[in-house]
Amino acid sequence: MIRITDILDRINIYHPEADLDLVERAYVYSARIHEGQVRLSGEPYLSHPLEVAGLLTQLKLDTVSVAAGLLHDALEDTSATAEELTGMFGPQVTRIVEGVTKLSSLSFRSSEARQAESFRKMILAMADDIRVILTKLCDRLHNMRTLQFQTEHKQVRIAQETLDIYAPIANRLGISWIKNELEDISFLYLHPHKYREIEKQVARKREEQQEYIDTIKEVIQEKMTASHLNCEVQGRHKHFYGIYQKMVAQQVAFEDVYDILGFRIILETVQQCYEALGVIHSIWKPIPKRFKDHIGIPKANMYQSLHTTVVGPFGERVEIQIRTRDMDRVAKDGIAAHWQYKEGRSFDEEDSQVFAWLRKLVEEQKYVKDPNEFMETVRIELFPDEVYVFTPRGDVLSLPRGATPVDFAYAIHSEVGNQCMGAKVNGRMVPLKYELKTGQRVEVITSPNHRPSKDWLNFVKTAKARSRIRQHIKAEERKQSLELGRELCDKAFRKHHLSLSKQMKTAGFQKAIEDLGYKTAEDLIAGVGYGKVTPLQIVRYFAARGELEEPKEGLVHKLKGRMRRTRPKSGILVKGVDNILVRYGKCCNPLPGEPVTGYITRGQGITVHRVNCPHALNMDPARRIELQWAPETDELYPVRIHILCHDKMGLLAGITGAISDLEANILDASVKTGADQKAECYFTIAVSGAQHLDKVMKSVKKIKNVIAVSRIEG
């Protein structure tokens, strides 16, 4: 465990004039409030804040950040208050601690909503003070380093969340060493078998390649010296998850990944970098289309370097990066390098230009209310592989790879996007779904009468375009639903000799609004137009129940004529309606116990999807309906599982026996045996729900010679 004296010594080295008293007081306070608390590892809880503070000193951050690292769990895990922290350590420390603190005190409909709101709060806080996310990343990194003490279920959940959100954030901020370590640890817990295989192969190859590395470095050093270029040459191995990504993307084996090794040349000036590039290309033949100039056009996370791939002295491809010392520091520490040595500094205009992507993300969150939609927006912004295109005036716009003229139009202005009807690329007309490439000149053709199409959602790539299109479509659908809802309600009220406009002003109508779960009369009327509420449900508040017949207006009630007759009970309950025709999405195979949503399909009833299913995320909001699982049902649900195992006699019988013992019916089975004496088994089994499936998978996983068991989506 790192000690407070080690932390103070590190600060003294990179910032001799720092206010160490603030850090010392934060340590004493943290020790007092966490006294008696123990981590799952058995260590005193104080070890965690100390390690987080230690990681912040590795980023060479100011004393406010280090103090916040020592106190980052104070509001969540102790009786400390924000007022207390502000009085003792100042508002900056408190702001960072509040930004890092999870939203454990708030109540959300689901874990997805909780996670989305946590990230929304964190992103807003990091836009106000970037040190919030730097502290959060260090907190997550130490938690990942001690992940072995969590349960297996939590290990997988936390590792996936880290790979989905925190590693990309570290990448977006340019902090490569944190990003690489987060990815590698996540990879270890999500795919332990593949991780171990790559680890062994890298270790074996490392010994074989050391002589090769030394030879290349020596040649580069000699040629640079001969050209009067003073430089440092480094050889490096790609991290494990990076190798795995290459294998998956290129669909090759480990032996065929050519850039596991790379070399880095570090010089003093930009001019020397380009001179060094010329020297390298004069020694070895460059490979076409493998050169990237990230000095002339830096990445969004400030990364700058020249990248080239050449045919080396032994006929192998060699990847070489060329950069200055300042660029190397930024490549390792990213935003932290930008922040280093700037005691007490706030987020200013200079920073907002550097982190335009963050400002854009903060702006977008205002327009996105659905938690799943917000998480999709976050992921889009965190995984950009940029292309750079020009406006007609010659300005450069950065867009994610695969972006279209529609994305370009929305990047210029929301109204330009809404009115986009065509586009020219390099003077030639192109389809709106055309994928833009770096260096192209793009011109948008607009019409004031043109409106966004729902089809655009199938090809746009930017979060802004996606959210603005959805926003416009929702507004149009709401307008139509209001008109339809008012017409249906007016007809239903007149049938019972009542006036809708008069009744809307009464206390009875207000009670109907509240009882049916709406906020305003307009929302309730729109709900009728969407088919979520029937006019009869509203009319009943003004007339005797026995005098009314059930009308058939509304999408949901039209489905009652197509109810499932074969079974009195369904596994799904639709709010306010019984016996609706229900089918389950084959794309995600939802099971009882998993959060679900429904999609009203004309003529086919309601299709049930898991809430995080890509098809569910893209469904028309107007046809979405809230669902819940019935508390008791006799239904069984098909689900596919994949089992990787060693090919041993009698193992298949053991697997089928384990499945049958837990009363899961086997509907289909197939087995493929590879040359490596490993077998891949695919089973379709019928289970009663998510818990039943979990028990089956755990039981199979315990069988000797079974390597991995996973659920197959779709």
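1. Two strands count as paired if DSSP finds at least two bridges between them. Strands (E, at least two residues) and helices (H or I, at least four) are DSSP runs, numbered from the N terminus. With that in hand, β10, β9 and β11 form an open sheet of three strands in the order β10-β9-β11, and the pairing is antiparallel. The edge strands, each pairing on one side only, are β10 (428–430) and β11 (442–446).

2. A note on the source: this is a predicted model, in which local features need pLDDT of at least 70, side-chain atom pairs count only at pLDDT 80 or more, and totals for chains, interfaces and linings use all residues. Residues are numbered from 1 along each chain as its sequence is written, and side-chain values use heavy atoms, with hydrogens and water left out.

3. Strand β9 (residues 420–425) is joined to β11 by five bridges, and the two run antiparallel. Ala423 has Val444 in β11 as its bridge partner. Axes here are lines fitted to C-alpha atoms, for helices over the stretch in contact, and angles run from 0 to 180 degrees between N-to-C directions.

4. Helix α20 (residues 405–412) lies across β9, β10 and β11 and runs at about 80° to β11. Contact means heavy atoms within 4.5 Å.

5. Another open sheet has four strands in the order β18-β19-β17-β20, with antiparallel pairing. Its edge strands are β18 (665–673) and β20 (706–712), each pairing on one side only. Its neighbouring strands are turned by 20° against each other on average, direction ignored.

6. Within this four-stranded sheet, six bridges join β17 (residues 637–646) to β20, and these strands run antiparallel. His642 has Ser710 in β20 as its bridge partner.

7. Which strands does helix α29 lie across? Helix α29 (residues 651–661) lies across β17, β18, β19 (678–687) and β20, at about 20° to β19. Helix α30 (residues 690–701) also packs on the sheet, touching β17, β19 and β20, and its direction makes about 160° with that of β20.

8. Helices α7 (residues 91–100) and α9 (residues 131–145) have axes that come within 9 Å and cross at roughly 55°. Therefore α7 is oblique to α9: angles under 35 degrees count as roughly parallel, over 145 as roughly antiparallel, 65 to 115 as roughly perpendicular and the rest as oblique. In this contact, Gln92, Arg95, Ile96, Gly99 and Val100 of α7 meet Arg131, Val132, Thr135 and Lys136 of α9.
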